[in-house]
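Walk through this fold one piece at a time. Begin with a pair of helices, then widen the view.

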Amino acid sequence: MLSHVFFYIVIRIHLSHKLFEQYAMTTFSHFRRSVRSFQFLQPCKYNVCTGLRSFLRNESSFVPKHVLIVAKLSRYYFEKLREPDLTEAQLKQKLLERGSNYDAMLASHIATKNVQHQVIETLRKLNIEYKLINRQNLDQSNFNWADLILPIGGDGTFLLASNLIFDSQKPIIGINSYPEWSEGFLMLPPKYTTRAPEIFEKLKAGHYRVIMRRRIRTTLCGDNIWEAPFHTHEKGRVSGGEKFYMQDMNKGTPNNLPKERRLPWLALNEVFVAETLSARTSDLLVKIDDEEKFHMIKSSGLCVSTGTGSTSWHKSINSVNSQIVRQILNLVGEKQDISKEEINKICNTFNSSLRFDAEEFKMCYAVRDMIVTDHWPIPKCFHSRGFCRTLTVRSQCFDGGLVLDGGIAVPFNFGATAVMEIHAEDSLRSLVLQD
């Protein structure tokens with residue numbers, strides 16, 4: 001008798017679970033349909049579905065076991081490298097003579113060191129293993145070892161770290177070490193600069209959301225595509241001249257290398273293509289998505305941005321200011337007095353419209369300073385700015401370069417072709433704390 005009762009209870013529980021599962025799935029489907037209906041009725045750029053995706057993707061408790069700290073290599077430290085024989089007083093005097101702000105540079109350096117110390121002490125108390133690296137000792141094995149990447153610095157440090165993350169499930173979260181100097185758009189809000197323990201408390205409590213930031217994959221085709229890349233920061237700052245970002249890229253002789261090369265870095269902000277000498281015209285053949293023919297473009301360069309990068313260089317290239325808006329209104333006959341506030345509102349509205357969501361599967365290209373003359377008109381069916389999923393660029397440059405996130409530069413000369421694409425598996429898992 002007891003066995004029959006037990007069997008009956010088990011069957012009831014099983015049926016209850018099945019009914020609950022069916023009810024939950026039905027309710028969720030109805031909720032998704034309601035959201036789609038609301039989206040249709042209320043069209044806007046940042047609609048309710050964006051918030052829903054974030055809500056549904058909110059993670060449970062996350063306690064990292066291995067944290068890789070990618071620390072900023074400060075401008076002050078670079079200057080010390082360039083002038084190793086100078087005393088501190090002599091270095092200060094030389095920087096002041098050059099017009100540099102020595103006090104601000106030193107303050108930023110000290111602030112970064114303080115944040116590093118605070119984070120390390122927090123990790124020690126939590127018994128979390130960590131490694132500390134910077135631009136000088138980047139090693140891919142460290143990124144593979146870590147289950148959380150933690151850049152400390154500004155957006156440049158965040159971009160540097162993101163370039164070496166190839167696992168879309170490996171999270172990254174950044175601390176702005178000196179908010180007084182750096183805006184830190186990609187970093188946590190300034191209040192966390194001095195509150196490292198709270199960061200890990202919120203991660204453990206699950207009080208965070210995930211932004212899957214799309215990144216640009218670049219594939220080169222043609223001859224001479226295996227020349228050694230360099231980091232633009234190192235070329236301009238480190239004593240001793242050029243220092244290549246990765247000197248062992250060439251395996252064998254150029255004749256034995258493939259004619260196609262997928263670059264081993266993913267651009268989080270943008271890819272910029274142009275002549276290395278900025279005063280020289282950049283000649284590029286451009287093809288958008290599935291177009292059959294190339295457009296010949298003469299300009300100061302081509303900037304291809306993600307949604308993350310739409311608030312950065314892309315915005316700077318395409319933004320309008322009050323002087324331009326006022327002149328346009330005058331030309332179209334709007335002679336009446338227009339207040340400064342109205343002009344600023346127009347500028348802000350347009351400039352804000354340039355931004356698009358970091359999770360969207362699209363890129364925005366912008367031709368910088370396109371050359372337009374009677375002999376060289378704007379190509380038919382081509383706009384100086386637009387969206388795309390794939391962009392193909394063939395270089396006609398004498399000494400061209402393809403630069404990822406303003407840092408890693410790859411030679412890109414006559415005949416070489418670059419294909420830029422967005423793929424889901426290339427996304428960057430960026431964590432944002434919830435207040």
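**Helices around H5**

H3 and H5 are roughly perpendicular to each other. That label covers angles of 65 to 115 degrees; under 35 counts as roughly parallel, over 145 as roughly antiparallel, and the rest as oblique. Helix H3 spans residues 75-82. H3 and H5 pack at an angle of about 110°, and their axes are 7 Å apart. Axes are lines fitted to C-alpha atoms, for helices over the stretch in contact, and angles run from 0 to 180 degrees between N-to-C directions. Helices (H or I, at least four residues) and strands (E, at least two) are DSSP runs, numbered from the N terminus.

This is a predicted model, in which local features need pLDDT of at least 70 and side-chain atom pairs count only at pLDDT 80 or more, while totals for chains, interfaces and linings use all residues. Residues are numbered from 1 along each chain as its sequence is written, and side-chain values use heavy atoms, with hydrogens and water left out.

Which residues make the contact of H3 with H5? H3 supplies Arg-75, Tyr-76, Tyr-77 and Glu-79. H5 supplies Tyr-102, Met-105, Leu-106 and His-109. Contact means heavy atoms within 4.5 Å. By class, this contact has five nonpolar, one polar and two charged residues. Here Ala, Val, Leu, Ile, Met, Phe, Trp, Tyr, Cys and Pro count as nonpolar, Asp, Glu, Lys and Arg as charged, and the others, Gly among them, as polar.

Now turn to helix H4 (residues 88-97). The axes of H4 and H5 (residues 102-125) come within 9 Å and cross at roughly 125°. H4 is therefore oblique to H5. Glu-88, Lys-92, Leu-95 and Leu-96 of H4 meet Tyr-102, Asp-103 and Met-105 of H5. Four of these contact residues are nonpolar, none polar and three charged.

**An enclosed helix**

Helix H7 covers residues 155-162. Six of its eight residues are buried, so H7 is largely enclosed by the rest of the structure. Buried means under 20% relative accessible area, exposed over 50%, and partly exposed in between (1.4 Å probe, protein chains only). The buried residues are Thr-157, Phe-158, Leu-159, Leu-160, Ala-161 and Ser-162. Their cover includes helix H6 (140-145) and strands E1 (66-71), E3 (148-153), E4 (171-172), E8 (230-231) and E20 (428-433).

**The six-stranded sheet**

Six strands form an open sheet in the order E9-E7-E19-E16-E11-E12, with antiparallel pairing. Two strands pair if DSSP finds at least two bridges between them. E9 (260-262) and E12 (295-299) stand at the edges with a single partner strand each, so one side of each has no neighbour in the sheet. From one strand to the next, the twist averages 25°.

Leu-284 stands opposite Ile-297 in E12.

Strand E19 (residues 417-422) holds Glu-421. Is Glu-421 buried or partly exposed? Glu-421 is partly exposed, at a relative accessible area of 22%. Leaving aside neighbours within four places in sequence, Glu-421 is in contact with Arg-215, Ile-216, Arg-217, Met-363, Arg-389 and Thr-390. Thr-390 is 31 residues from Glu-421 in sequence, yet 4.8 Å away in space, C-alpha to C-alpha.

**The whole protein**

The protein has 12 helices and 20 strands. Of its 435 residues, 43% are buried. Among contacts with a separation of 6 or more, 74% join residues 24 or more positions apart.
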